[in-house]
Amino acid sequence: MQSQVLLAGDIHLGKRPLHLPRDIDQYGVSPVELTPAEGWLRLVRFAVEQSVAAVVLTGDVVEEDHHRLEAFGHLQRGVLELVQNGIEVYSVVGNHDVEALEEVTQRIPAFHLVGQGGKWEWVTLSHQSEPIMNILGWSFPKQGIPLSPLEQELPLPPDEKLPRFGILHDLDTPDSVYAPAPHRRLEDIELDGWFIGHKHKPSQLGSDSLIGYLGPLVGLDPSETGLHGPWVLEIDDLGQFSIKQISLGPLRWEELPVAVEKLRGKSDLKDVLRDSMASLHKRLLPQLKGVKAVGCRIKLVGPRELHREVAQRLNPLDLEDLKPRFDEILYFVEGIIDDSRLSLDLERIAQASDPPGLLARQLLALVNQEEDARQLIGEARHRLKKEAASSAWSQLEEIQFTEDQVRELLLQAGFHALKELLGQIEPGNREDVRSWN
Amino acid sequence: MELRKVTVRQMPGVKEPFSVQPYSSHLNLLVGPNESGKTTLLRAVRAILWPGTESDESISIESQWTEVGETLMATREKAKVIWRRDGKKISRPLLPDERFARCFTLGLGDLLLDNGSSTDADIAAEIYRQMSGRYDLTAIGEQLTVSSKNGQTERKIVRDLRKTVAGIQRAQRQLAREEDRLPAVYAERDRVHASQAELDLLKTARDLAKERQHLRQVRAALAEFPKEMEQLQGHEKRDLEALKTDYAQFRSPLPDCEKAIQEARTVIQSCRLPHGPIGDGELSPWVERAGSLQRVEIKVEEKRGEVTVAQGALAGSVEHLAPEPAPQGLIPLDREVLGDLEGFLREAEAVRQERIRIDTDRNYWQEGQKGKSKATLEWGMEALRNWRARKAYSTGHKVIRNLSWLGVIALILGVDLGWFAHWSGFVLAGVGIGMLGVICLYERNRDLAAQQCQRQYGKLRLKPIFDWSLESVDSYLKELEEQWKEAVELERRATLLDELKAREESLAQKELQVDEKRASLCLQLQVDPGGDLQLFLYANRILKWEEAGEKLAGLKAQLSRLEEMVRESLEDLNTFFKRQGEPDVQDAAAARGRLEDLKVRSARLENATRILERESVRHDEVKSRIKRQEERIRSFWNKTGLQVGDQGALYQYLDWLDEYRNLVNEGNHCEQNIREYEKKLNTREDLFELTFKEAGSRVRICEQSVAKLGAVMGEIGGIQASIRQVGKQDSLEQALADLSDGEQLLEERRQENLHKVAGRFLLERVRARHDKQSCPKVLRCAAELFAKFTHHKYNLIVDERSDSPGFRVFEVFSQIGKGLSELSDGTRIQLLLAVRLAFAGQIERGIKVPIFLDDVLTTSDPSRFQAIVESLNVLAVEQERQIVYLTANPSDAVRWNQTLMKKGVKLEAPIDLGQIRGMAKTTSPIETVTGLAVREVPSPEGRSADKYGALLQVPSLDFRISVTSVHLFYLLRDDLGTLYALLKASAETVGQWQALVDGGGHRIISEHKVERLLARIDLMKAFSQSWRIGRHQQNKASVWAAAGISDPHLESLNSLFEEMKGDIRRFLSVLREGRDSRTQHLTAVDVEELENRFVKSGLIDKRPILSEDEIVMAAIPPVESWVAQGVLSIEEISRLVHDWYMQTAH
């Protein structure tokens, strides 16, 4: 008999994906249909249809603790449906749902928290009354845990014959406050694999490695590109197992590379972009089951000397009505990655001693992280902090202004100023000269 | 580096390649009208020096340069530029960076400052800009100024969204607290539910006590009624009445029944059928028998009639045999023989006819004469034909005769020649003798063969021939042929006679057979009537007589059989009647009457019997029913418990019955309730014996507790409903999403500000370094140039008094410092030019690049013009820099010349670009040196637009030519002041205005007016495009280019085209007619092909011409952006379009 266990990472019920077009419902897709709640509902349906043995969650199931009523509505309905169909639900607590998941456990006994209170715990998953695997889990006892849970002693497994997996919500960064458990240390523990929550970019779990992040059911912002969805772990009688990710999410984010050569000289850039979207759709189609919308972040690629010309003509606002449908899936442009700094030959410009040349020299120092740049960054940090301290930004989180942050800011602003300067006299950039053709 | 030659083979907008050369090392003046390629030339030079400035893939340019005495060739094909020296590839000369390309090209705007109204600061800023390579750090710095208002709106939005989120979260936290309180509320609900259960039991105990008390009262009342009341049902009175009614009804049919029985018995007696009724089964055969008897009786009568007729027929046939008596003892005759009498007659007649035919044929064929045999005649004919063949005169004879003559002539001639001339003549004579000999031999053989034929004919003993000539032989031959034909006919007749003989013998056989048959018939009939026909008739009569006798005998036998049948049937019927007691009958009619009577009587008897049986049964039933009803009445009384017939007592008890019954039911109900109450209380026996008062007291206490249930349940329901509702909602999710969006926007604003701060920070450093490092060099160089330009009249110095860039000039002569605004226009321009060129010099890397000036001076007043020309001259001569000046205005050349001549410099002959490009020759500046002056433009003051247009001699409006050639009057007739300003700046046409703007000359009118003019030009272009729909082009160059004509007839066609005033349709019409001598070399196909080319190239537009309204509709979309900006209004568009439409209507 083969058993299936469904694994899902950071669902974040109660949160909506960012950067959706404000008018998307006018194109027949409601923002509500693209939420993690919709992803959770689809997971529940899939689990019931496939009669999986159990559903295992790796924390951050609910967006925030104080969001328990709305998010609970979705979670509770889903868990009840799973339980009514004989599917038990196991989860560890993430940093986002410390109180929320304990609340669920009290209300729905079939919802099991593993490692509650920050103590490692083994549980055995069964299918049709037969044990199929053991899970070792650890849950956040409170939101911030700067210590690695691996510092604790691990209990012995209840049955060593069954496959053993660990579930954990952590961030593999030493100075993290989110239970920093180094993944290289996880490899030393004699388990068959570790399924981890927190990071939203799913790892390539498979035959090579069985330690990695599961990722959310729906990409919550445009940076979360690619396939998102639950993982299906299949275990046979002999304890052999395999894992694969399936597409269940209603929304997908993609970076859409568009060659500048294609856009150059075209009167209607939208036609070219539409064609690129069509090609993207053709490529993604096998992974688009259930997807209702695909958000594209256009990235210009190709010869750098053409970037500026194209980037100037490509206004995101003009692309708001570019929402084609392919096989009933709505495509939209989320934004444009204008990396036109590629088009500037800093070294050549820096040879002159005119203002662009002098500016280019500073930028080169920043790019190459020369010694001069340190002083530059130090002075700039002071100016930037002063601006950031303005009351206008009191509603936002404070910026630390690390060296990297300041360097990046200076580079962005410097490249922009350089382009503006060059544009003042270069024929192609003079906006005050009209075309007489 | 100096430019020597440029050849533009291919560039956007260039249809025909062109070359421009030579170039002077100093000043070069290029004059060419608009669209003659000045700008193209500039672009071509830039494309060679800085390939990145031109990206078109179709570019093909070749150029020649000199650098330090060496010639360099630079070619560009597509994007690739190759430099060569002495045919060898070399690397690109060390030229300034590509972005400085425009530093070596000066336009009008580069040296023009707002009509002299600039302040020191403005001029200083401009100088500073020029010193920075025209990069305006200040402008960028202004862009990077952080606005304190930036992000205020977003911050407010975020704050509001936070409040919204907080509000929702507060409400949800409150709900969560209530949810937490639910367990306590559930406990309260359970307590109330327990009180409610106790309350029900106490109410039951109270009801039980009450019921018991009531039961006792009911039972006491029932004891006062008589005991018979228990047996009464209440419907006894009705039952009794029903029983009585039924009894009376049961007795009523009895008298009718008895009367019917008596009547049936009377009818049975009157039917007189001792054996009872006779059934249809028994009677029907007899009725059928009687019917059959009647039909036989009818047949007997018919048969008797037929016998009488047969007897008459027999007597008639006997009479017909007379006079011959009827044969005796001959019968029976052989009917087969007699039946074939007709065949016998036909056969005898056929034999007779055949005999007649044979006799006739024989007589015919036996006629004819005997003559010579057919073979003899054939031989004779052959002999004659052979003879004739030998003797016939033919072509051969002619040949023989001619040969004979030749032989004779040859003989005579040969003899004569042999004798008198040469011995060889005898050879010819010998040939002649030989020929004659051969001919003689031939003739002799022919005569012998003819004689043999004559002999052969004579042996046949046919008609002898005495004259053997061709005519005579032909006559004999014809006669023989006739005789031969007769002989053939006689031979055929002999054959036919033989056939007749055979037929005659066959006929004789048949005649014998006929005679034998006749003899046989006569023998049978014992008479010979004398002929075949008579024999036939007699035999027929005999046959009829015989048949009549036979028929009579048959009829008599049939009659006898029928009469016997009648007798037997009557006997049977009478036997049946006798058995029924009836008398005999004599015929079929009587029998049928008797049978009918029997049938009627049987039916009556049967009916009466049936009535008797039925009424007897009914009588018995009625009797039985009466008896049963009497039993029921007795039983009824027994049930009441009263005596039979005690109707008074019964009715009295029934009156009491309802009251009695109510009491009984009440008692039963009480008992039932008591049982149920006791059952409910079976677990609480302590409540069994409670009195009504005790139970009531305890009920009241419980009810007070239960009254809280509604409130508790409402509270629970409310909390649960709220939780459910919130669980289904996503208001917090939505609010958080909105907050995220708001924060994102605010973050974007913060990033914008941080970017500006960072950018400004960098630029400040750039500026500081530039001021410290680069500016001084440029300034020094500029000061030197400025001094040279002003012939060391002025020095440029830095003004140290202000923080912002500041400059002053020092007048050397007077030793007085001056502000920049105090300088004359010319000096100021010289200063700007000096700074500009100083910067150009700074960015050069060892190679001097030529300076190009594009229409820089066109709008300059004389003082500026002179200052610039002098400065450029200094630059060209002293700095040894090549300068190329391009202008569309021929008068510029004049002014150059005038200015330089004052300095004793002779200007090289200008290069006429218009002429090079095949356009109309520009009026030579040299030719106009004395005639042309700077144009004086009349002022529009006090003049209407039309009058001013007339004064300016504005050409008529024509959109068949390019909009760039349209006079600005048509765009600015409602703003003559602006028009005047532009005309003064030598901008008459749209194209000249565009050139002015390209060179920065738009500053001569206000920005608003520039925008309005640009918008109107866009509108005019849109109008022009729509107006051209359905109209044809008149541009001659376009026409011939489209037609692809380059033949020797081009001139003649061109003259015709001009005669037609450029009207292509008229032109084509004349070509089609072919009457003009200049077009006669064109065929109809040529003309059609020409027209196709015109259509294909758009010169002939077959679409319908648009109306004014349609043009307005088409013209609006291209200028929508202007309308949106408020530069153009719809009313203005309509007015302008109407004006232009009317202007071009004719």
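These entries record what I looked up at the interface of chain A and chain B in a predicted model.

**Entry 1: extent.** I began with contacts. On the chain A side I found 65 residues, in contact with 78 residues of chain B. Next I took the buried area. The two chains bury about 6400 Å² between them. Carbon and sulfur atoms carry 58% of that area.

**Entry 2: polar links.** I then went through the pairs across the interface. The rule gives 17 residue pairs in polar contact, both residues at pLDDT 80 or more. It also gives six salt bridges between chain A and chain B. I noted one of them, Arg383(A) with Glu764(B). Their closest N and O atoms are 3.0 Å apart.

**Entry 3: the chain A side.** I asked which elements of chain A give two or more residues to the side that touches chain B. They are helices H2 (68–84), H3 (98–107), H8 (346–349), H9 (355–367), H10 (371–388) and H11 (403–425). H11(A) gives the most, with eleven residues. By class, I read 28 nonpolar, 17 polar and 20 charged residues on this side.

**Entry 4: Asp97(B).** I picked one residue of chain B to follow. Asp97(B) sits in the loop between strand E7 (88–90) and strand E8 (105–106) of chain B. Is Asp97(B) buried or exposed? Its relative accessible area is 10%, so I logged Asp97(B) as buried, the cut-off being under 20%. Beyond neighbours within four places in sequence, Asp97(B) is in contact with Trp50(B), Arg845(B) and, from chain A, Arg348(A). The side chains of Asp97(B) and Arg348(A) are joined by a polar contact of 2.4 Å.

Definitions and conventions:
Residues are numbered from 1 along each chain as its sequence is written. Chains are lettered from A and ligands numbered from 1 in the order in which they are written. This is a predicted model: local features need pLDDT of at least 70, side-chain atom pairs count only at pLDDT 80 or more; totals for chains, interfaces and linings use all residues. Side-chain values use heavy atoms; hydrogens and water are left out. Contact means heavy atoms within 4.5 Å. Buried area is the accessible area (1.4 Å probe) that two parts lose on being put together, summed over both. A salt bridge is a side-chain nitrogen of Lys or Arg within 4 Å of a carboxyl oxygen of Asp or Glu. A polar contact is a pair of N or O atoms within 3.5 Å; within protein, one must be able to donate a hydrogen and the other to accept it, and residues adjacent in sequence count only if both atoms are side-chain atoms. Helices (H or I, at least four residues) and strands (E, at least two) are DSSP runs, numbered from the N terminus. Ala, Val, Leu, Ile, Met, Phe, Trp, Tyr, Cys and Pro count as nonpolar, Asp, Glu, Lys and Arg as charged, and the others, Gly among them, as polar. Buried means under 20% relative accessible area, exposed over 50%, partly exposed in between (1.4 Å probe, protein chains only).
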